[in-house]
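Here's a quick briefing to read alongside the model. It goes through helices first, then charged pairs.

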Amino acid sequence: MSFFTASSSSPTADANAIALMDERERARILAKAALFSPPSATLPDGRRDLVGLSRDEITAILAEIGEKPFRTKQLWHWIYHQGVTDFARMSSIAKPLQEKLAEQFIIGRPEPAMVQTSSDETRKFLFRFRDGQEAETVYIPDRKEDRGAVCISSQVGCTLSCTFCHTGTQKLVRNLGAAEIVSQFMAARDSYSEWPSPKGETPRLLSTIVLMGMGEPLYNYENVAKAMRIIMDGEGIGLSRRRITLSTSGVVPLMDRCGDELGINLAVSLHAVRNDLRDQIVPLNRKYPIEEVLAACRRYPAASNARRITFEYIMLRDVNDSDADARELVRLISGIPAKVNLIPFNPWPGSEYRPSTRERQSRFAEIVMNAGFASPIRTPRGRDILAACGQLKTASERARAGQAVADE
């Protein structure tokens with residue numbers, strides 16, 4: 001689909017037509033997302049998970065059991081600032097109410113079905129949710145300072161089928177709920193004992209979030225947005241919007257909405273500078289071609305010289321790594337407050353691609369850098385535990401695939 005037409009009666013009419021199609025496309029995406037909805041937050045025994053609920057939702061369900069609105073602030077503090085999972089530890093709440101809350105609610109966490117730590121200290125979690133589905137989360141520590149990024153998944157599987165990406169070989173099973181998205185970060189903090197939430201200028205070990213795990217975040221926008229609002233709430237986890245980056249392959253209508261409503265940082269998985277090639281390696285390009293993706297980047301409200309849009313570009317040998325590709329990339333992003341992350345391809349079993357040579361990576365980076373754009377070559381992290389970029393795929397899915405091969 002293209003939002004641009006060959007003719008228009010006037011600039012205003014053209015803009016209105018684009019806006020109408022944009023709204024219709026947003027509605028279509030959200031309707032499709034509903035087909036992959038997460039399971040209910042209510043357990044079989046009737047208790048409800050408080051994690052992932054908005055303040056208003058908590059206030060409403062507390063009212064159902066006869067409790068006053070001020071209890072919401074207390075619970076929010078204990079859940080998101082202190083990180084407790086046991087109502088009995090909420091010392092500002094009287095014991096009878098602690099017991100009442102425990103009868104009605106839980107403070108959930110996903111089960112860490114597997115935790116692996118790489119030789120470079122990257123840690124990968126395989127989290128199992130209540131319905132048995134699994135997704136992977138990765139903590140990537142900074143090499144020089146006591147801080148790091150938590151790479152969070154937004155879906156079980158992925159629907160995009162990018163040909164260089166291991167995760168893309170796993171079909172979409174369902175979206176993750178707001179509770180499942182928030183609790184990935186909370187469970188990672190459990191692992192590093194980083195509670196209560198650091199305040200103000202206090203250093204954070206888990207200092208940033210990147211929505212770059214399994215799935216396309218904008219195809220699960222409602223749950224992702226709700227989760228990020230909870231994480232950004234200043235009275236709880238309190239992570240600044242400047243510390244959160246959402247990575248998309250270019251779901252144009254919801255890039256606009258994300259910018260307007262959340263204002264978090266944006267990363268775009270570009271990976272090619274020609275539509276014919278990007279159609280092959282990032283099939284979503286057939287719906288939202290490069291020109292439309294870049295137009296959405298130019299109007300992204302949070303973009304500035306201080307908060308540049310990141311263009312992710314995976315380096316595939318003899319596919320997209322020529323000098324001509326580098327020069328065209330510079331031309332395409334000209335005028336956008338941007339930086340380019342050059343990502344060496346991380347091989348995975350069955351892939352037909354090879355990583356670009358170091359010399360080719362360096363030459364590509366030099367061309368982009370000389371044009372005025374920062375272009376670091378990302379150092380692969382967690383390769384030995386398949387936690388590097390493009391390698392995420394749940395361990396149980398890999399095991400099933402391996403067993404199927406063995407049975408043949």
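**A buried helix and its neighbours**

The buried residues of helix α3 are R71, T72, Q74, L75, W76, W78, I79, Y80 and H81. Keep in mind that this is a predicted model. With 9 of its 12 residues buried, α3 is largely enclosed by the rest of the structure.

*More on α3*

- Helix α3 runs over residues 70–81 and spans 16 Å from first C-alpha to last, close to the 16 Å expected at 1.5 Å a residue.
- What sits over its buried residues? The cover includes α2 (55–64), α4 (95–104), α5 (178–192) and α6 (221–232).
- Just after α3, G83 takes a positive phi of about 75°.
- R71, one of the buried residues of α3, forms a salt bridge with E67, with the closest N and O atoms 3.6 Å apart.
- E67 is buried as well, so both partners, R71 and E67, fall under 20% relative accessible area.

*The α7 and α9 pair*

- The axes of helix α7 (residues 252–261) and helix α9 (residues 290–298) come within 9 Å and cross at roughly 10°.
- That angle makes α7 roughly parallel to α9, because anything under 35 degrees counts that way.
- On the α7 side, V252, M255 and D256 make the contact, and they meet E292, V293, A296 and C297 of α9.
- Sorted by type, the residues of this contact come out as 5 nonpolar, no polar and 2 charged.

*Salt bridges elsewhere*

- How many salt bridges does the structure hold? The count is 30.
- Side chains of opposite charge can pair when their charged atoms come close.
- D323 and R360 do this through their side chains, at 2.8 Å from N to O.
- This pair links distant parts of the chain: D323 belongs to helix α10 (residues 323–333) and R360 to helix α11 (residues 358–370), 37 residues apart.
- R360 has a relative accessible area of 23%, so it counts as partly exposed.
- R331 pairs with E328 in another salt bridge, where the closest N and O atoms are 2.8 Å apart.
- Both R331 and E328 lie in helix α10, 3 residues apart, or about one turn of the helix.
- An α-helix has 3.6 residues a turn, so residues three or four places apart point the same way.
- Is R331 buried or exposed? At 53% relative accessibility, R331 counts as exposed, while E328, at 22%, is partly exposed.
- A network of salt bridges links E222, R229, R257 and E261.

Technical notes
Residues numbered from 1 in each chain as written. Predicted model: local features only at pLDDT ≥ 70, side-chain atom pairs only at ≥ 80, totals over all residues. Heavy atoms only, no water. Axes fitted to C-alpha atoms, helices over the stretch in contact; angles between N-to-C directions. Helix = DSSP H or I, 4+ residues; strand = E, 2+ residues; numbered from the N terminus. Parallel < 35°, antiparallel > 145°, perpendicular 65-115°, else oblique. Contact = heavy atoms within 4.5 Å. Nonpolar A, V, L, I, M, F, W, Y, C, P; charged D, E, K, R; others polar. Expected span 1.5 Å × (residues − 1). Buried < 20%, exposed > 50% of the residue type's maximum accessible area, 1.4 Å probe, protein only. Salt bridge = Lys/Arg side-chain N within 4 Å of Asp/Glu carboxyl O.
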